[in-house]
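Please view the structure alongside the text.

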Amino acid sequence: MDSVPNGINRKIHILTGVLVFLASFFMYYRTMAPTTSYWDCGEFIACSQTLSVMHPPGAPLYLLIGRIMTLLPFFKDIAVRVNIFSVLISALSVLFTYLVIVQLVRRYRGEAKCWDDRLILYFSGALGALAFAFTDSFWFNAVEAEVYAFSMFFTAVVVWLALYWEERSEKPNSLIHIFLIFYLFGLALSVHLLNLLVFPFVLLIAYFHQNQTVRRFLMLLFVQMAVPMALYFLAFQFNPDTMSYNEMIAHQAKAGRFLMICGLVWTAITLWYMYRKDRKVFAIWWIVPAVAVFAYTSYLMIYMRAKLHPPINENDPSTWKGMMDYLSRKQYGEDSMVLTFLYRKAEFWRYQIQMMYTRYFGWQFIGRGLTLDNQDRIIELISFKGLYGLPFLVGLWGMVHHFAKDWKRALAVLVLFIMTGYAILIYLNQPDPQPRERDYSYVGSFFAFTLWIGIGAAALLEQVGSLFRKKAVLKKAAALLTALILLVIVPVNLVAFNFHSHDRSGNYVAYDYSYNILQTCEPDGIIFTNGDNDTFPLWFLQEVYGVRKDVRLVNLSLLNTSWYIKQLRDIEPKVPISLSDAQIENIMPMQWDARDVSLPVPERLQKELRAKMGKTAEGRVKDRITFTVKPTFKAGGNG
């Protein structure tokens, strides 16, 4: 904040930033989950408490901070201690959103010189930041133990730091900011991969600036990555309709080897060229990877903890090969990268674009429908319910105004919006249906749009001021009235619409659900689960609170992996599995012939059914149920 030129501006700037932080922090704290929530939250809290290994590719930095949070004596409940980290880091993300908007507005307006300028500059920053704070998806992530709030924090900080560097790029120590950006990239990779998509924004900010050293360095990095990737796609295109899956995987492996060799050769050529062209850039190139790799070394913690066999040890990455499989998410299957771009797993426009992005974007700024399909998905692509499209209109006007006033930085924001939105969508290639809504993946895109909401507020205040520029009293009154209206139609409107659905202050559903499942088991029982929601909350209760640790959970999805079968066999409470390691490693699908399966009906249930059905129960209530189990998997023509 040291860029504010005088005492008055500096004090207003700091005070506004503090108020924005406190407003978001206390709202998140008020609506924070009091215990575990569904999906990954139970696993993250349990792994934080026990320093265990979470599902691939892990988040070691989040895990380390989560462990520190569990040791703090501020709250009695361990889950609250971990949840409140998301509250804190999300409020800090809102603060950096405010700082980014102030920087963007100041770049085309200049420093605040009078009361009107200060209102436009700091109010617009606060309005855009609070709009982001109370958007549907960001608020949802801010009140639970998940990595997305932490990932978004890195995105906001890197965007701010790129603009901060731009203002000071001519100073002798400005390169420190570039090194810090790449250090943050390395740290962010230890939380989630999404932060890498901010690099094009940083590249454009540097490209449009006059600092030749940084521009050349970032362009060198871009060229080193882009050329091999372009050759990769040009040289290894194929038609998925004419190749089997195994052929495509073999094709992909061949392409990967080509990419690695081509990348090494191209890197050597570009470095030789830069050594002759600009020795300073050549020297910087060697520093930046070292900085990023140093930050990335937190992943060593995953390797070391896996060797100590913690209570949760997904993928068991205690060997070099196991660690590589863990980082590459081999557990989830291997898709060809080329196939990802050439072959869509669902209808591209209707499902992947409209259903899996446009609909989510509308929830943040336009409104949210209520009609559900047979999978409990909201089906309205665009609905004006609740928000009436008002935040969207302010942001749209902000985008137009930004391009008119400062097209270079507006283009950088647009690239950030696309890379963290549509680019992710194309890469993920999500099949239909998904097990849950995926709006959390695109929060970076929603962040980019709220920058334009702040600029849109500045534009409207500028235009109102120009209408009454010759009448000072009317000008001031009109500006205050406009600011009040904007406050109501954007952040207040968002809070009013989203508060009820985001208030988890009394939500114990996941906790009670998992507690009831565990307590209904006989001593030393086995519970078979299948997905995240019937596994992670139970792990949470067992590892954090020690509830029914005699009960063994067997996740049927993980039972397809060799490492999990070995853990069930070897770790208490053990499952009676007599297979050797060699047998487990060589388990393959076996042919299944259709057969009848018969199961007994408990006597208590028979009595209840007879009492309920009365005379009609005769002949209908049986002591056994029989059904036919048919093969469900086809391999080589056999069931």
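This is a predicted model: local features need pLDDT of at least 70, side-chain atom pairs count only at pLDDT 80 or more; totals for chains, interfaces and linings use all residues.

## Packing of α5 and α21

Helix α5 (residues 115-133) and helix α21 (residues 472-502) have axes that come within 10 Å and cross at roughly 5°. Angles under 35 degrees count as roughly parallel. The two helices, α5 and α21, are therefore roughly parallel to each other.

On the α5 side, the contact is made by Trp115, Asp116, Leu119, Phe123, Leu127, Leu130 and Ala131. On the α21 side, it is made by Lys475, Lys476, Ala479, Leu480, Ala483, Leu486, Leu487, Val490, Pro491 and Leu494. By class, the residues of this contact divide into 14 nonpolar and three charged, with no polar ones.

## Thr16 in helix α1

Thr16 sits in helix α1 (residues 7-31). Is this residue buried or exposed? The relative accessible area of Thr16 is 15%. Buried means under 20%, so Thr16 is buried.

Which residues does Thr16 touch, leaving aside its neighbours within four places in sequence? They are Tyr98, Tyr122 and Ala126.

## The second largest pocket

The volume of the second largest pocket is about 980 Å³. Its lining has 40 residues. Closest to the pocket centre are Trp39, Phe140, Arg368, Arg436 and Glu437.

The largest share comes from α16, with five residues. Sorted by class, the lining of the second largest pocket has 17 nonpolar, 13 charged and 10 polar residues.

## Cavities

How many cavities of 30 Å³ or more does the structure hold? There are three. The largest cavity has a volume of about 120 Å³.

The largest cavity is lined by Asn141, Tyr148, Ser151, Met152, Thr155, Leu194, Thr420, Ile424, Tyr440, Ser441, Val443 and Gly444. Helices α7 (148-167) and α20 (443-467) are the elements that give two or more residues to this lining. The most comes from α7, with four residues. What classes make up the lining of the largest cavity? Six residues are nonpolar and six are polar, with no charged residues.

Note on methods:
Residues are numbered from 1 along each chain as its sequence is written. Side-chain values use heavy atoms; hydrogens and water are left out. Axes are lines fitted to C-alpha atoms, for helices over the stretch in contact, and angles run from 0 to 180 degrees between N-to-C directions. Angles under 35 degrees count as roughly parallel, over 145 as roughly antiparallel, 65 to 115 as roughly perpendicular and the rest as oblique. Contact means heavy atoms within 4.5 Å. Ala, Val, Leu, Ile, Met, Phe, Trp, Tyr, Cys and Pro count as nonpolar, Asp, Glu, Lys and Arg as charged, and the others, Gly among them, as polar. On a 1 Å grid over the protein atoms alone, a cavity is a set of points where a 1.4 Å probe fits but cannot get out, and a pocket is an open set with protein on both sides within 12 Å along at least five of seven lines; lining residues have an atom within 4 Å of a point. Grid points are joined across faces, edges and corners, and a volume is the space filled by probe spheres set on the points. Buried means under 20% relative accessible area, exposed over 50%, partly exposed in between (1.4 Å probe, protein chains only).
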